[in-house]
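Biologist: I would like to learn how to read a model such as this one. Please take me through it feature by feature.

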Amino acid sequence: MVLGIESSCDETGAGIVQDGRLLAHVVASSMDEHALFGGVVPEIAARAHLQSFAPVVGRALAEAGIGPDGIDAVAVTTGPGLSGALQVGLAGAKALAFAADVPLYGVHHLAGHVAADTLEHGPLPEPCVVLIVSGGHTSLLLVRDLVREPIVHLGDTLDDAAGECFDKVARILGLPYPGGPAIDRAAREGDPKAVTFPRPLTRPGDDPYAFSFSGLKTAAARWVEGHRARGAEVPVADGAAALQEAVADVLTRKAVAACKEFGVRTLIVVGGVAANSRVRGLAEKRCASAGIELRVPPMTLCTDNGAMIAAVGDLLVRSGAEPAPLHVSIDPSAPLEYASLVPLPGAGGLTAA
(Lines give C-alpha, C1' and ligand atoms only; values in the text may rest on other atoms or scores of the structure.)
Protein backbone atom coordinates (compact mmCIF):
# COMPACT_ATOMS: atom_id res chain seq x y z
CA MET A 1 0.00 0.00 0.00
CA VAL A 2 1.69 3.21 -1.18
CA LEU A 3 0.31 6.60 -0.21
CA GLY A 4 1.14 9.36 -2.69
CA ILE A 5 1.14 13.07 -1.83
CA GLU A 6 1.06 15.87 -4.43
CA SER A 7 1.27 19.58 -3.54
CA SER A 8 3.41 21.18 -6.25
CA CYS A 9 0.93 23.88 -7.28
CA ASP A 10 -2.74 24.49 -6.50
CA GLU A 11 -4.05 20.95 -5.99
CA THR A 12 -3.62 19.00 -2.78
CA GLY A 13 -3.76 15.35 -3.80
CA ALA A 14 -3.58 12.03 -2.00
CA GLY A 15 -3.78 8.65 -3.70
CA ILE A 16 -3.23 5.05 -2.66
CA VAL A 17 -1.90 2.41 -5.05
CA GLN A 18 -1.19 -1.26 -4.47
CA ASP A 19 0.50 -3.43 -7.13
CA GLY A 20 -0.53 -1.03 -9.88
CA ARG A 21 -4.16 -0.81 -8.74
CA LEU A 22 -5.67 2.52 -7.77
CA LEU A 23 -7.47 2.21 -4.42
CA ALA A 24 -8.03 5.87 -3.54
CA HIS A 25 -7.86 9.20 -5.36
CA VAL A 26 -8.74 12.46 -3.57
CA VAL A 27 -7.98 16.02 -4.70
CA ALA A 28 -8.74 19.42 -3.16
CA SER A 29 -8.17 22.41 -5.43
CA SER A 30 -7.65 26.07 -4.53
CA MET A 31 -8.33 27.09 -8.16
CA ASP A 32 -11.28 29.31 -7.27
CA GLU A 33 -9.14 31.39 -4.94
CA HIS A 34 -6.47 31.90 -7.59
CA ALA A 35 -9.03 32.73 -10.28
CA LEU A 36 -9.68 36.03 -8.49
CA PHE A 37 -6.11 37.04 -9.40
CA GLY A 38 -5.96 35.52 -12.88
CA GLY A 39 -3.26 33.01 -11.92
CA VAL A 40 -1.75 30.98 -9.12
CA VAL A 41 -0.59 32.99 -6.09
CA PRO A 42 2.14 30.96 -4.31
CA GLU A 43 1.28 32.15 -0.79
CA ILE A 44 -2.39 31.32 -1.23
CA ALA A 45 -1.48 27.90 -2.61
CA ALA A 46 0.74 27.09 0.37
CA ARG A 47 -1.95 28.09 2.88
CA ALA A 48 -4.54 26.05 1.00
CA HIS A 49 -2.29 22.97 1.18
CA LEU A 50 -1.95 23.45 4.94
CA GLN A 51 -5.73 23.52 5.31
CA SER A 52 -6.40 20.61 2.95
CA PHE A 53 -3.59 18.17 3.73
CA ALA A 54 -5.09 16.30 6.70
CA PRO A 55 -8.67 16.11 5.32
CA VAL A 56 -7.48 14.92 1.91
CA VAL A 57 -5.23 12.20 3.38
CA GLY A 58 -8.00 11.17 5.76
CA ARG A 59 -10.48 10.80 2.90
CA ALA A 60 -7.99 8.79 0.86
CA LEU A 61 -7.41 6.36 3.72
CA ALA A 62 -11.16 6.01 4.22
CA GLU A 63 -11.70 5.46 0.50
CA ALA A 64 -9.12 2.66 0.55
CA GLY A 65 -10.67 1.21 3.71
CA ILE A 66 -7.48 1.35 5.76
CA GLY A 67 -5.97 3.30 8.66
CA PRO A 68 -2.57 5.00 8.78
CA ASP A 69 -1.05 1.73 9.99
CA GLY A 70 -2.11 0.09 6.72
CA ILE A 71 0.35 2.15 4.67
CA ASP A 72 3.60 0.42 3.65
CA ALA A 73 5.34 3.41 2.03
CA VAL A 74 4.83 7.14 1.38
CA ALA A 75 5.74 8.86 -1.88
CA VAL A 76 5.74 12.64 -2.21
CA THR A 77 6.46 15.22 -4.89
CA THR A 78 9.78 16.89 -4.08
CA GLY A 79 9.98 18.96 -7.26
CA PRO A 80 9.53 20.81 -9.46
CA GLY A 81 6.88 23.25 -8.28
CA LEU A 82 6.17 26.18 -5.99
CA SER A 83 8.61 26.18 -3.08
CA GLY A 84 6.12 26.85 -0.29
CA ALA A 85 3.59 24.40 -1.71
CA LEU A 86 6.19 21.64 -2.03
CA GLN A 87 7.36 22.25 1.54
CA VAL A 88 3.88 21.65 2.92
CA GLY A 89 3.49 18.34 1.12
CA LEU A 90 6.96 17.13 2.02
CA ALA A 91 6.58 18.07 5.70
CA GLY A 92 3.28 16.20 5.89
CA ALA A 93 4.67 13.17 4.08
CA LYS A 94 7.71 13.04 6.38
CA ALA A 95 5.44 13.15 9.42
CA LEU A 96 3.29 10.31 8.09
CA ALA A 97 6.31 8.17 7.15
CA PHE A 98 8.01 8.77 10.49
CA ALA A 99 4.86 8.07 12.53
CA ALA A 100 4.09 4.87 10.62
CA ASP A 101 7.77 3.84 10.47
CA VAL A 102 7.61 3.25 6.71
CA PRO A 103 9.99 4.29 3.89
CA LEU A 104 9.65 7.67 2.17
CA TYR A 105 10.21 8.18 -1.57
CA GLY A 106 10.84 11.52 -3.27
CA VAL A 107 9.18 11.68 -6.68
CA HIS A 108 9.63 13.97 -9.68
CA HIS A 109 6.30 15.63 -10.46
CA LEU A 110 6.53 15.04 -14.22
CA ALA A 111 7.36 11.36 -13.77
CA GLY A 112 4.10 11.21 -11.85
CA HIS A 113 2.22 12.45 -14.90
CA VAL A 114 3.83 9.69 -16.96
CA ALA A 115 2.96 7.03 -14.38
CA ALA A 116 -0.66 8.23 -14.22
CA ASP A 117 -1.32 6.36 -17.45
CA THR A 118 -0.39 3.04 -15.83
CA LEU A 119 -3.35 3.33 -13.49
CA GLU A 120 -5.71 3.15 -16.46
CA HIS A 121 -3.85 1.15 -19.11
CA GLY A 122 -1.33 -0.97 -17.20
CA PRO A 123 2.48 -1.08 -17.47
CA LEU A 124 4.19 1.28 -19.89
CA PRO A 125 5.38 -0.31 -23.13
CA GLU A 126 9.17 -0.34 -23.40
CA PRO A 127 10.04 1.91 -25.11
CA CYS A 128 7.33 4.53 -25.52
CA VAL A 129 7.22 8.19 -26.51
CA VAL A 130 5.60 10.45 -23.92
CA LEU A 131 4.28 13.93 -24.60
CA ILE A 132 3.90 15.92 -21.38
CA VAL A 133 1.78 19.05 -21.84
CA SER A 134 0.73 21.20 -18.89
CA GLY A 135 0.60 24.76 -17.64
CA GLY A 136 4.29 24.82 -16.83
CA HIS A 137 5.84 22.07 -18.93
CA THR A 138 5.92 20.83 -22.51
CA SER A 139 8.32 17.96 -23.16
CA LEU A 140 8.70 15.08 -25.60
CA LEU A 141 10.36 12.09 -23.94
CA LEU A 142 11.65 8.66 -24.84
CA VAL A 143 10.89 6.37 -21.90
CA ARG A 144 12.13 2.84 -21.43
CA ASP A 145 11.98 1.66 -17.81
CA LEU A 146 10.46 4.64 -15.98
CA VAL A 147 12.02 3.93 -12.58
CA ARG A 148 15.25 2.14 -13.52
CA GLU A 149 16.62 4.04 -16.50
CA PRO A 150 17.28 7.72 -17.25
CA ILE A 151 14.52 9.55 -19.09
CA VAL A 152 15.62 10.78 -22.52
CA HIS A 153 14.49 14.27 -23.53
CA LEU A 154 13.87 14.47 -27.27
CA GLY A 155 12.69 18.05 -26.97
CA ASP A 156 11.37 20.63 -24.51
CA THR A 157 9.77 24.04 -24.72
CA LEU A 158 12.20 26.90 -25.22
CA ASP A 159 9.88 29.45 -23.62
CA ASP A 160 6.14 29.29 -22.81
CA ALA A 161 4.55 25.91 -22.20
CA ALA A 162 1.40 25.02 -24.12
CA GLY A 163 -0.83 25.48 -21.05
CA GLU A 164 0.81 28.81 -20.28
CA CYS A 165 0.03 29.95 -23.82
CA PHE A 166 -3.62 29.00 -23.32
CA ASP A 167 -3.78 30.88 -20.01
CA LYS A 168 -2.24 34.07 -21.38
CA VAL A 169 -4.27 34.18 -24.59
CA ALA A 170 -7.47 33.43 -22.68
CA ARG A 171 -6.83 36.53 -20.58
CA ILE A 172 -6.27 38.59 -23.75
CA LEU A 173 -9.55 37.28 -25.16
CA GLY A 174 -11.39 38.15 -21.94
CA LEU A 175 -11.93 34.51 -20.97
CA PRO A 176 -11.70 33.30 -17.35
CA TYR A 177 -8.85 31.52 -15.61
CA PRO A 178 -7.82 28.72 -16.01
CA GLY A 179 -7.39 29.45 -19.68
CA GLY A 180 -7.14 25.92 -21.06
CA PRO A 181 -10.70 24.80 -20.28
CA ALA A 182 -12.02 28.26 -21.21
CA ILE A 183 -10.31 28.13 -24.61
CA ASP A 184 -11.65 24.62 -25.17
CA ARG A 185 -15.22 25.67 -24.38
CA ALA A 186 -15.11 28.81 -26.53
CA ALA A 187 -13.54 26.93 -29.45
CA ARG A 188 -16.61 24.71 -29.80
CA GLU A 189 -18.48 27.62 -31.39
CA GLY A 190 -15.56 28.83 -33.52
CA ASP A 191 -13.94 28.12 -36.88
CA PRO A 192 -10.35 26.86 -36.52
CA LYS A 193 -9.60 28.06 -40.07
CA ALA A 194 -10.82 31.59 -39.45
CA VAL A 195 -7.35 32.78 -38.36
CA THR A 196 -4.00 31.55 -39.66
CA PHE A 197 -1.83 31.47 -36.58
CA PRO A 198 1.82 30.36 -36.89
CA ARG A 199 3.08 26.85 -36.16
CA PRO A 200 6.32 27.54 -34.27
CA LEU A 201 9.46 25.49 -34.99
CA THR A 202 7.91 23.43 -37.79
CA ARG A 203 9.95 24.75 -40.73
CA PRO A 204 12.79 22.77 -42.35
CA GLY A 205 15.94 23.27 -40.33
CA ASP A 206 14.12 23.88 -37.04
CA ASP A 207 14.74 21.58 -34.10
CA PRO A 208 12.26 18.79 -34.90
CA TYR A 209 11.24 18.10 -31.31
CA ALA A 210 11.64 21.46 -29.53
CA PHE A 211 8.60 23.60 -28.75
CA SER A 212 8.01 27.34 -28.57
CA PHE A 213 4.68 28.98 -27.83
CA SER A 214 5.75 32.54 -26.99
CA GLY A 215 5.51 33.68 -30.61
CA LEU A 216 2.10 32.08 -31.00
CA LYS A 217 0.91 33.91 -27.89
CA THR A 218 2.21 37.19 -29.33
CA ALA A 219 0.54 36.54 -32.69
CA ALA A 220 -2.79 36.01 -30.93
CA ALA A 221 -2.30 39.21 -28.93
CA ARG A 222 -1.56 41.23 -32.10
CA TRP A 223 -4.66 39.76 -33.76
CA VAL A 224 -6.85 40.85 -30.85
CA GLU A 225 -5.23 44.31 -30.73
CA GLY A 226 -5.86 44.73 -34.46
CA HIS A 227 -9.59 44.20 -33.99
CA ARG A 228 -9.77 46.57 -31.06
CA ALA A 229 -7.76 49.25 -32.87
CA ARG A 230 -10.35 49.18 -35.67
CA GLY A 231 -13.18 49.31 -33.17
CA ALA A 232 -14.32 45.88 -34.33
CA GLU A 233 -15.69 43.17 -32.09
CA VAL A 234 -13.18 40.40 -31.41
CA PRO A 235 -14.52 37.04 -32.69
CA VAL A 236 -13.51 35.23 -29.53
CA ALA A 237 -14.75 31.79 -30.56
CA ASP A 238 -12.83 31.89 -33.84
CA GLY A 239 -9.68 33.09 -32.08
CA ALA A 240 -9.95 30.33 -29.48
CA ALA A 241 -10.56 27.66 -32.11
CA ALA A 242 -7.65 28.82 -34.28
CA LEU A 243 -5.27 29.00 -31.32
CA GLN A 244 -6.28 25.57 -30.08
CA GLU A 245 -5.80 24.15 -33.57
CA ALA A 246 -2.30 25.62 -33.83
CA VAL A 247 -1.24 24.22 -30.45
CA ALA A 248 -2.73 20.78 -31.13
CA ASP A 249 -1.18 20.68 -34.61
CA VAL A 250 2.35 21.40 -33.35
CA LEU A 251 2.12 19.03 -30.37
CA THR A 252 0.76 16.04 -32.25
CA ARG A 253 2.84 16.58 -35.39
CA LYS A 254 6.09 16.43 -33.44
CA ALA A 255 4.98 13.58 -31.20
CA VAL A 256 3.98 11.32 -34.11
CA ALA A 257 7.18 12.21 -35.97
CA ALA A 258 9.22 11.15 -32.92
CA CYS A 259 7.43 7.80 -32.76
CA LYS A 260 8.20 7.19 -36.44
CA GLU A 261 11.87 8.18 -36.18
CA PHE A 262 12.59 6.03 -33.13
CA GLY A 263 10.47 3.07 -34.21
CA VAL A 264 8.14 3.38 -31.23
CA ARG A 265 4.62 2.01 -31.54
CA THR A 266 3.01 3.73 -28.53
CA LEU A 267 2.46 7.44 -27.82
CA ILE A 268 1.35 8.49 -24.35
CA VAL A 269 -0.04 11.99 -23.85
CA VAL A 270 -0.21 13.24 -20.25
CA GLY A 271 -0.55 16.45 -18.24
CA GLY A 272 -3.33 19.00 -17.87
CA VAL A 273 -3.41 19.96 -21.56
CA ALA A 274 -3.99 16.29 -22.40
CA ALA A 275 -7.56 17.01 -21.30
CA ASN A 276 -8.00 19.41 -24.25
CA SER A 277 -10.52 17.98 -26.69
CA ARG A 278 -8.68 19.03 -29.85
CA VAL A 279 -5.31 17.76 -28.63
CA ARG A 280 -6.93 14.40 -27.91
CA GLY A 281 -8.90 14.35 -31.16
CA LEU A 282 -6.00 15.25 -33.44
CA ALA A 283 -3.68 12.83 -31.62
CA GLU A 284 -6.21 10.04 -32.16
CA LYS A 285 -6.52 10.85 -35.87
CA ARG A 286 -2.79 11.09 -36.54
CA CYS A 287 -1.88 8.03 -34.47
CA ALA A 288 -4.52 5.96 -36.24
CA SER A 289 -3.15 7.03 -39.64
CA ALA A 290 0.40 6.14 -38.59
CA GLY A 291 -0.48 2.82 -36.95
CA ILE A 292 0.57 4.07 -33.52
CA GLU A 293 -1.23 3.14 -30.31
CA LEU A 294 -2.37 6.24 -28.39
CA ARG A 295 -2.75 6.14 -24.61
CA VAL A 296 -4.22 9.09 -22.70
CA PRO A 297 -5.20 8.88 -19.01
CA PRO A 298 -8.77 9.71 -17.94
CA MET A 299 -9.51 13.40 -17.41
CA THR A 300 -9.32 13.01 -13.61
CA LEU A 301 -5.74 11.73 -13.84
CA CYS A 302 -4.50 14.35 -16.33
CA THR A 303 -4.36 17.23 -13.87
CA ASP A 304 -2.17 17.19 -10.74
CA ASN A 305 -3.11 14.45 -8.26
CA GLY A 306 -1.69 12.22 -5.56
CA ALA A 307 -2.61 8.99 -7.37
CA MET A 308 0.07 9.57 -9.98
CA ILE A 309 2.69 10.10 -7.27
CA ALA A 310 1.54 6.91 -5.54
CA ALA A 311 1.88 5.12 -8.89
CA VAL A 312 5.56 6.12 -9.11
CA GLY A 313 6.08 5.15 -5.47
CA ASP A 314 4.51 1.77 -6.14
CA LEU A 315 6.87 1.19 -9.08
CA LEU A 316 9.87 2.27 -6.99
CA VAL A 317 8.95 -0.09 -4.16
CA ARG A 318 8.49 -3.01 -6.52
CA SER A 319 11.78 -2.25 -8.29
CA GLY A 320 13.69 -2.38 -5.00
CA ALA A 321 14.75 1.29 -5.17
CA GLU A 322 16.36 2.85 -2.13
CA PRO A 323 14.02 5.19 -0.20
CA ALA A 324 14.91 8.78 0.57
CA PRO A 325 16.37 9.80 3.93
CA LEU A 326 14.04 11.72 6.22
CA HIS A 327 16.19 14.83 5.79
CA VAL A 328 15.41 14.95 2.06
CA SER A 329 14.62 18.46 0.79
CA ILE A 330 12.73 19.95 -2.16
CA ASP A 331 14.01 21.14 -5.54
CA PRO A 332 11.52 23.65 -7.04
CA SER A 333 13.25 23.67 -10.45
CA ALA A 334 14.34 20.04 -10.70
CA PRO A 335 15.08 18.78 -14.22
CA LEU A 336 13.44 15.51 -15.21
CA GLU A 337 16.21 12.91 -15.31
CA TYR A 338 14.88 10.10 -13.12
CA ALA A 339 11.49 9.28 -11.63
CA SER A 340 13.00 9.19 -8.14
CA LEU A 341 13.98 12.68 -7.05
CA VAL A 342 16.05 12.93 -3.87
CA PRO A 343 17.57 16.41 -3.47
CA LEU A 344 19.59 16.59 -0.28
CA PRO A 345 20.42 19.72 1.76
CA GLY A 346 23.85 21.03 0.85
CA ALA A 347 24.51 18.21 -1.61
CA GLY A 348 24.86 20.60 -4.54
CA GLY A 349 22.83 18.33 -6.79
CA LEU A 350 20.50 15.38 -7.00
CA THR A 351 20.88 11.72 -6.30
CA ALA A 352 18.60 9.31 -8.10
CA ALA A 353 17.52 5.89 -6.99
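**Reading the model**

Modeller: P80 sits in the loop between strand 4 (73-79) and helix 3 (83-100); helices (H or I, at least four residues) and strands (E, at least two) are DSSP runs, numbered from the N terminus. This is a predicted model, in which local features need pLDDT of at least 70 and side-chain atom pairs count only at pLDDT 80 or more, while totals for chains, interfaces and linings use all residues. Residues are numbered from 1 along each chain as its sequence is written, and side-chain values use heavy atoms, with hydrogens and water left out.

Biologist: What kind of peptide bond joins G79 and P80?

Modeller: A cis bond, with omega about -15°. Another cis peptide bond joins Y177 and P178, where omega is about 0°. P178 lies in the loop between helix 6 (162-173) and helix 7 (179-187).

Biologist: Which residues other than glycine have a positive phi?

Modeller: D19 has a phi of about 50°, and L201 has one near 55°. D19 belongs to the loop between strand 2 (11-18) and strand 3 (21-29). L201 is in the loop between helix 7 and helix 8 (214-229).

Biologist: Is D19 buried or exposed?

Modeller: Buried means under 20% relative accessible area, exposed over 50%, and partly exposed in between (1.4 Å probe, protein chains only). D19 has 51% relative accessibility, so it counts as exposed. L201 counts as partly exposed because its value is 22%. Of the 353 residues of the chain, 53% count as buried.

Biologist: How many helices and strands are there in the chain?

Modeller: The chain has 12 helices and 12 strands.

Biologist: Which radius of gyration would a compact globule with 353 residues have?

Modeller: The radius is taken over C-alpha atoms, and the globule rule is 2.2 Å times the number of residues to the power 0.38. For 353 residues that gives a value near 20 Å, and the chain has 20 Å, so the two agree. The C-alpha trace spans about 65 × 45 × 40 Å along its principal axes.

Biologist: What share of contacts joins residues at least 24 apart?

Modeller: Contact means heavy atoms within 4.5 Å. Among contacts between residues at least 6 apart in sequence, the share is 72%.

Biologist: What is the average pLDDT of the chain?

Modeller: pLDDT is the predictor's confidence in each residue, from 0 to 100. The chain averages 95, and 98% of the residues score at least 70. Over residues 347-353 the pLDDT is below 50, and this stretch has 16 contacts in the model beyond near neighbours in sequence.
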